[in-house]
Amino acid sequence: MTAAKTPKPIKPEDAGFALAAYRQMLFLRRFEQRCLDLSTATPPVIAGSLHLCAGQEAIPAGAMAALQPQDNVVATYRGHGWALAGRLGAEEVMAEICHRATGVNGGRAGSALITAPWAGFIGENSIVGAGGPIACGVALAARRRETGGVVLVSFGDGATSQGALHESLVFAAAYDLPVIFLCENNGWSELTASAAIIKVDRLAKRAGGYGMAGVTIDGSDPLAVRDTIAQAAERARSGGGPSFVECRVARLWGHYNRDIEHYRPKEDKAAAASVDPILLLGQRLQQSGIAEEVALLDCQADVEREVAALEARVLASATPDPASARLHVVGARMDMPQRTASPSRATETTYIAAVNEALRRILAKDERSLLYGEDVGKAGGIFGASRNLQREFGEARVFDTPIAEAAILGSAVGAALSGLRPVVEIMWADFLLVALDQIINQAANIRYVTQGRASLPMVIRTQQGTTPGSCAQHSQSLEALLFHIPGIRLGLPATPQDAYDMLRVAAASEDPVVLIEGRGLYQRRAEVDFDRVPEPMGTARLARAGSDLAIITWGTAVPEAMEAADQAAAAGIDAAVLDLRWLSPLDDAAIASVVARCGGRVLIVHEANRTGGVGAEIAARIVEADRKAVVQRLGAPDIRMPASPVLQAALLPKAGAILSAMRALLESCRTPA
Ligand SMILES: Cc1ncc(C[n+]2csc(CCOP(=O)(O)OP(=O)(O)O)c2C)c(N)n1
């Protein structure tokens, strides 16, 4: 809690700014009050939760005055003040909070996720701490594109306990990124007093631990905020790296609109009211001889009229068209890599070398592309996917990162939002689990929330599967987790040609793409035509024609299915093998066609566990389309993966098990029901 203070005089040269800040803060308070009232009316005019910034208005009012047009802001759910103090119009912001068609995001974001990167407002974020990594990516892009811009990311004191925020502090420090980490310390972590769970008296003390400058200031003083942010921005702009600015403020209202604050001592609330920043600034303006009380009252009345008129216009405006709810999940347009001038010729290549060549061509083709991840730069990746690429394209475009998956993925989100085309590596698919937020809550949402105004051309490469000796934390096949998520593309190349083609197709996509390679396939060799025009995203490959039974499969199960089909052929069974390649978009037409050609006899094979696997969805789709189809699934049983090769062999759906399943399926079709 901030102690009561004696008002500091305002210098004459600051009079204009102080008056403007006073009006802006009043406007924000009135705006928030009306939103609160509308949300607690019976019935509520605004549905859902609001996190209002009463008591914290001086922070955006002061900070935005120190930023320049090329700078960007990343806020939290308590971000109305940042949206208003920034470059968005009050009417479009209130309309968004009221879920109107004319809102910044057409009602898709609501109060807590207002997103307007086109206006330098990268957006609010409802995931505590998630903005830090994204800010790092925006800063990477600012540096690479030489905009001279800095990025300010605001977060609460509670957020300083979040892993993603720590990763972003580490990441920003590692590259001296132009980021200002601004902590709005209101003393509360939702319903818990931060002092009870944070054992440091000043959060800015932690900055030194990251190797950056840190300072604690009075966040209820817009002049102090302006001057401190101006210094931090100057440091960032001149290459001095990130700063951590802790702004102490009082939370005047509850955590959210329906918070009855039963947990909060009355004295704490009273103490907060006594340091109301608007009250304090009003006193200072009067005591410094800048404004009389009557002028301040006039200003208040004027603001009230303005907000009332604004509210009337917003409430008279239309709600979104329900038919539009399905639009803008992913983009319709796709720039396909074109045929190169060189004549087509096939070269025998390993899968991993094909990945390397695809990355090389992506970097050569487009200056906006970046390649980074753990060990990706100097060493060229633990599997060699990026070998020699740093030497060829330089450390600014191909680089190593801290061991910080949330920062890797989140910075890719920020960089892609800011005009770059990052390709990042997550060393093992199992490591995605520590940072899924940045894919699912962040990347997958951008196009939808912005109604297609912003898109995220980013590629995440990883690899998965069981190999002899790999333990349960380095063996999982996790595609089903991502398959479930709208807004991202998902592919699993099974051959060197597809490893090459699909990566280039992914890099041309305007949507986030996750490519899961097969570690067990990396040393497989096959002919690769590096100059052919790749097939479009979402097309399956008929790896083997047949008519007795269709095996539908993908990823590491493909060679096993091919081997099983070869063995079956020797026994007179003519099996087709459809390698789906892409799970999103899913090639429903190719599935329907192979199912029809095989008389509705289908075996779906994947290395991932059977329960909740992608096979279940495909089986459902086949049977929904043809109730007579006979569909079986073969996956790993629902067991953790042991390291012992002997134990692994007992679980994995290898060729022998596939052949047995094919025979059983055909037998069941011959047996009358
Ligand atoms: C990752 C995550 N964990 C928990 C929450 C639930 N939550 C929403 S706001 C909040 C409190 C955060 O406190 P602080 O960072 O101090 O910000 P303030 O709300 O005070 O602005 C919590 C725990 C969340 N949204 N995201």
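1. The shell around the ligand is made up of five nonpolar, seven polar and three charged residues, where Ala, Val, Leu, Ile, Met, Phe, Trp, Tyr, Cys and Pro count as nonpolar, Asp, Glu, Lys and Arg as charged, and the others, Gly among them, as polar. The model is predicted, so that local features need pLDDT of at least 70 and side-chain atom pairs count only at pLDDT 80 or more, whereas totals for chains, interfaces and linings use all residues. Residues are numbered from 1 along each chain as its sequence is written, and side-chain values use heavy atoms, with hydrogens and water left out.

2. Among the polar contacts (pairs of N or O atoms within 3.5 Å), a backbone N or O atom of Ala159 lies 2.8 Å from an oxygen atom of the ligand, while a polar backbone atom of Ser126 is 2.9 Å from a ligand nitrogen.

3. Tyr175 and Phe399 form an edge-to-face aromatic pair, with 5.4 Å between the centres and 70 degrees between the planes; rings of Phe, Tyr and Trp (its six-membered ring) pair if their centres lie within 6.5 Å, and planes under 30 degrees apart count as stacked, over 60 as edge-to-face and the rest as tilted. Both Tyr175 and Phe399 are buried, that is, under 20% relative accessible area (1.4 Å probe, protein chains only).

4. The rings of Trp188 and Tyr263 have centres 5.3 Å apart and planes at 65 degrees, so this pair is also edge-to-face. Trp188 counts as buried at 10% relative accessibility.

5. Tyr351, Phe383, Trp428, Phe431 and Tyr522 form one aromatic cluster.

Technical notes
Polar contact = N/O pair within 3.5 Å; in protein donor to acceptor, adjacent residues only side chain to side chain. Buried < 20%, exposed > 50% of the residue type's maximum accessible area, 1.4 Å probe, protein only.
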